[in-house]
Amino acid sequence: MNMLLPQGEYIRDWTRLSPGDRVELVQDTSLSYASVDTVAESGEIVWLLSEATGQRTLHLAEDPIELYQR
């Protein structure tokens, strides 16, 4: 299996994100591209808009995902 690897900088602290930021989302074994819609002040919750589908998804800091700045 050939998995794409993220190219951006790993984001450990989601409070660094702002609406409109473009990110790479690694979830399970897939890589997708999204833009930040909303980030909770605490940095524990982020809403992302998928570049491929336009779908808005909610992610919690404890979810098994990784975000990378594009």
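1. The largest nonpolar core has 12 residues, among them Trp 14, Val 23, Val 46 and Leu 48. A nonpolar core here is a set of buried Ala, Val, Leu, Ile, Met, Phe, Trp, Tyr and Cys residues joined through side-chain atoms within 4.5 Å, buried being under 20% relative accessible area with a 1.4 Å probe, protein chains only. Two or more residues come from each of E2, strand E3 (30-39), E4 and strand E6 (65-69); E3 gives the most, with three. Strands are DSSP runs of at least two residues, numbered from the N terminus.

2. This is a predicted model: local features need pLDDT of at least 70, side-chain atom pairs count only at pLDDT 80 or more, and totals for chains, interfaces and linings use all residues. Residues are numbered from 1 along each chain as its sequence is written, and side-chain values use heavy atoms, with hydrogens and water left out.

3. Six strands form an open antiparallel sheet in the order E1-E6-E2-E3-E4-E5. E1 and strand E5 (56-60) are at the edges with a single partner strand each, so one side of each has no neighbour in the sheet. Two strands pair if DSSP finds at least two bridges between them; strand E4 (residues 45-50) and E5 have five, in the antiparallel sense. Leu 48 has Thr 57 in E5 as its bridge partner.

4. Thr 15 lies in the loop between strand E1 (9-10) and strand E2 (22-27). Leaving aside residues up to four places away in sequence, Thr 15 touches Glu 41, Ser 42 and Gly 43, contact meaning heavy atoms within 4.5 Å.

Definitions and conventions:
Helix = DSSP H or I, 4+ residues; strand = E, 2+ residues; numbered from the N terminus. Buried < 20%, exposed > 50% of the residue type's maximum accessible area, 1.4 Å probe, protein only.
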